[in-house]
Amino acid sequence: MSNFGSMQNAIYNAGLQGILPDYPVDFATLEQRAHEALGPMMTNYVAGGCGDEHTQDVNASAFHHWGMIPRMMVDCSERDLSIELFGMDLPTPLFMAPIGLNGEATQDRHGDMAAARASAETGVPFSVSTLSNDPLEDVFGACGNTPAFFQLYTPRNRELAQSLISRAEQSGAKAIMVTLDTWLTGWRPRDLNASNFPQLRGKVLQNYFSDPVFRSLLEKSPEGDPKAAIMLFAAIFGQVLTWEDMAWFKDATDLPIVLKGICHPEDVRKAIDHGADAIYCSNHGGRQANGGIATIDLLADVFAAAGDVPVLFDSGVRSGTDAVKALAMGARAVGVGRPYTYGLAIGGAAGAAWVLRSILAEADLLMAVNGYPDLTALREAGVQRTD
Ligand SMILES: Cc1cc2nc3c(=O)[nH]c(=O)nc-3n(C[C@H](O)[C@H](O)[C@H](O)COP(=O)(O)O)c2cc1C
């Protein structure tokens, strides 16, 4: 049984001693403070999205047109927010979405390590991105007893892809999340206007630079000739994937394969037919394609098509209320994205842990007030469109 909501008592009790919280509990204040900490270039990269950012905006606002009806006279004095995923019992239904710029989000530029420590502290699994300022071995090592996943940007070079997967396996990854929507970068006006693409400046490439296969493709080491290493990264970053590639992934690892970026029920069915172990419904937070539909509006159909196969979800989750709505619609686990990176920006590991705990506390208290003692009751109650 969880009691994430007790964070609220701790905050009010500290207030009686004259102590205010170090970090905010609401997204608007968090975002504002994080933008100040990150500065304009980084804010553009993290906060920005594709085109006029309509998809990104509706990802978050669409949660408002879903609502829940509370149930009364139910004993909710104890809540159970635990889930089962890939044979593991996890204490929370959240996970940290892969964010390839975490490394740059903290002042010491080791934000991936800070994110991993936040995961260790909170029990919320971390999805370690291919793009990282610290090698994945170190990042997995910092996750403590909390299980972690590896997110793969599949490179064009299959040996390198295999090497990354094998390194993740050896580091204890519990699943491989293959991101499908990013074999190239979407049109991001904020970054284009500032002519800023961090990877081309050599940032967050340590998983490549530390990789034996990647290094073997270079004449000089990445330390000796960083420019050549960056150019090699740019040349081999993105492999266009088709359903035929699933056989290769299934061969490459025994770990569960999670396909990230699936939004269409027909793709859900194809993914399952081709051996996917989980569906990850996401539109990359609106960073890759504009002109889309909020993922929360697509989740019910994705869930229906997935049957018993677990559905992970992200894009637009800003609060515990959002997370509860996604869980009510059938998500097995809900991914927190930008909010925890903003937590890293304002407070490193402690800031990210605070953000995750706030989301859990709000979710827990909402379930308590609404009469849902556990996720099964929540799912039975469901959500309704309010417009
Ligand atoms: C700055 C930034 C970097 C990201 N990097 C990755 C990445 O390396 N791999 C990946 O699969 N998704 C990446 N994503 C997408 C997230 O995993 C997630 O889908 C998205 O953040 C969800 O949207 P939200 O943050 O608006 O809720 C990134 C998102 C942001 C904001």
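Predicted model: local features only at pLDDT ≥ 70, side-chain atom pairs only at ≥ 80, totals over all residues.
Residues are numbered from 1 along each chain as its sequence is written.

**Exercise 1.** Determine how α2 and α16 are oriented to each other.

Solution. Take the helices as DSSP runs (H or I, at least four residues), numbered from the N terminus. Helix α2 covers residues 27-47 and helix α16 residues 338-370, and they pack at about 110° with axes 8 Å apart; axes are lines fitted to C-alpha atoms over the stretch in contact, and angles run from 0 to 180 degrees between N-to-C directions. Angles of 65 to 115 degrees count as roughly perpendicular, and α2 and α16 are therefore roughly perpendicular.

**Exercise 2.** Find which residues have the most contacts inside the largest nonpolar core.

Solution. Such a core joins buried Ala, Val, Leu, Ile, Met, Phe, Trp, Tyr and Cys residues through C-beta atoms within 7 Å. The largest has 115 residues, and I176, I279, V302 and L356 have the most contacts inside it. Helix α16 gives the most to this core, with 17 residues.

**Exercise 3.** Decide whether F86 is buried, partly exposed or exposed.

Solution. Buried means 20 or more other C-beta atoms within 10 Å of the residue's own, exposed 12 or fewer, and partly exposed in between, with C-beta atoms placed from the backbone. F86 has 17 such neighbours inside 10 Å and therefore counts as partly exposed. Its phi is near 50°, a positive value in a residue other than glycine.

Technical notes:
Helix = DSSP H or I, 4+ residues; strand = E, 2+ residues; numbered from the N terminus. Parallel < 35°, antiparallel > 145°, perpendicular 65-115°, else oblique.
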